[in-house]
Amino acid sequence: MKFVVSSAVLSKQLTAISGVIVSNPIVPILENFLFEVEQGQLLITASDLQTFVTARLSVDTQEEASVAIPARILIDTLKNLPEQPITFTIDPGTYSVEINASNGHYRLAGENATDFPKLMPVTNGISVEIPANTLKRAISQTIVAVGNDELRPAINGIHVDFQEQGVTFVATDAHRLVRHTRSDIGVATQQPLLIPEKTLKIFNSLLQAGEEYVDIAFNDHHVHFQLSGISMISRLIHERYPDYENVIPAHNPNELVIDRLALLSSLKRIAIYANKTTCQVKLGMSPGDLLQVFAEDFEFSNEASEQLTCEYKGEALETGFNAKLFMELLNSIHSNEIVMRFSEPSKAVLIFPLEKEEAEDTLLLIMPIIAK
């Protein structure tokens with residue numbers, strides 16, 4: 001059978017969903033895209049067994065066929081073709097695939113589509129509709145703090161808790177924590193979702209400007225994201241999430257208000273002089289309008305310091321942070337100004353954006369490296 005499709009449109013969709021494909025998968029056929037043509041539609045699926053992503057395109061054919069096509073060679077071929085209509089010819093007997101362009105002919109050895117793992121639909125689940133921009137903002141804000149610990153799989157995802165009065169997104173890597181809440185989206189559930197980082201990272205890259213809403217359906221085992229032309233189904237992480245509320249200090253009398261970009265720029269410069277093992281950058285605060293940012297590496301006799309304009313209310317205080325982790329947090333914040341609240345040098349520090357959307361609340365937390 002044959003079908004015609006735009007090379008640029010197909011290349012864009014394949015690149016978008018290819019992030020789910022892993023090198024040397026347990027099941028070798030997962031190195032392929034599953035192509036299914038039916039009723040003038042081309043469905044392209046990629047999977048790593050945990051997550052299935054399907055893109056839908058209109059094609060010029062009324063025939064039906066399915067085949068698994070090697071992902072890497074197909075992507076590399078298409079991204080080097082100029083924009084043009086290309087014709088795919090699939091031999092259902094041998095699973096060979098031929099691609100005809102205006103000035104070229106390419107043949108690939110495909111595989112039997114029936115060997116590709118089956119997509120498990122989400123049944124008996126709960127559904128909710130979320131504005132795409134709202135979801136993208138929530139994912140972008142929290143994913144920075146997701147952990148990567150094989151011994152603690154519970155922290156390797158984002159904890160999503162839907163309630164009647166709103167939804168809360170939480171991520172932590174045991175050194176940082178982000179809690180992002182929306183009071184304008186609510187649905188009553190009994191079980192929070194723990195969604196793998198990879199799933200949300202890929203889906204976040206698929207969210208494009210102009211998308212209006214994302215349909216989310218979930219049950220005890222899977223979550224299903226649906227937007228125009230893209231469908232993603234992922235297994236959930238079945239682990240108990242840490243009791244993150246207990247690590248958020250309740251009493252933080254010392255308050256620092258500062259320009260986020262000015263602090264971030266200073267940290268980038270000062271971190272150059274920090275010890276390469278600890279990456280420690282220190283903040284020195286005393287009542288007034290100046291913040292001291294400094295670092296030193298005794299082993300190489302390197303040191304640097306800067307002063308930044310700020311507003312500080314509280315006791316004189318000195319504390320230190322891993323510069324890399326601190327800068328990643330600051331980069332994830334959308335507000336120009338932030339509030340940092342401190343209790344003691346060794347206690348967690350809270351960060352709040354001063355500018356935020358209506359119905360939104362974000363708390364960021366970072367554990368200090370005790371200053372010496």
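This is a predicted model: local features need pLDDT of at least 70, side-chain atom pairs count only at pLDDT 80 or more; totals for chains, interfaces and linings use all residues.

Reader: Which residues have the most contacts inside it?

Author: Leu10, Phe35, Phe88 and Leu263.

Reader: And which helix gives the most to this core?

Author: Helix 6, residues 323–332. Six of its residues belong to the core.

Reader: Back to Phe35. What is it in contact with, leaving aside neighbours within four places in sequence?

Author: Phe3, Leu10, Leu14, Leu42, Leu43 and Ile44 are among them. Phe35 also touches Ala65, Ser66, Val67, Ile69, Leu74 and Phe88.

Reader: How many residues are in the second, separate core?

Author: That one has 13, including Leu177, Ile237, Tyr241 and Ile248.

Reader: Switching to charges. How many salt bridges turn up in the whole structure?

Author: The search finds 19. One of them pairs the side chains of Glu360 and Arg137, at 2.5 Å from N to O.

Reader: Where do those two sit?

Author: Glu360 is in strand 24, residues 360–366. Arg137 is in helix 3, residues 132–142. They are 223 residues apart, so this pair links distant parts of the chain.

Reader: Glu360 and Arg137: buried or exposed?

Author: Both are buried.

Reader: What about Glu296 and Lys282?

Author: Their side chains form a salt bridge too, at 3.3 Å from N to O. Glu296 lies in strand 19 (residues 288–297) and Lys282 in strand 18 (residues 280–285), so the bridge ties together parts 14 residues apart in sequence.

Reader: Why does Lys282 count as buried?

Author: Because its relative accessibility is 5%, and buried means under 20%.

Reader: Last pair. What is the N to O distance for Lys347 and Glu344?

Author: 3.9 Å, and their side chains meet in a salt bridge.

Reader: How accessible are Lys347 and Glu344?

Author: Lys347 has 39% relative accessibility and counts as partly exposed. Glu344, at 41%, also counts as partly exposed.

Notes:
Residues are numbered from 1 along each chain as its sequence is written. Side-chain values use heavy atoms; hydrogens and water are left out. A nonpolar core is a set of buried Ala, Val, Leu, Ile, Met, Phe, Trp, Tyr and Cys residues joined through side-chain atoms within 4.5 Å. Buried means under 20% relative accessible area, exposed over 50%, partly exposed in between (1.4 Å probe, protein chains only). Helices (H or I, at least four residues) and strands (E, at least two) are DSSP runs, numbered from the N terminus. Contact means heavy atoms within 4.5 Å. A salt bridge is a side-chain nitrogen of Lys or Arg within 4 Å of a carboxyl oxygen of Asp or Glu.
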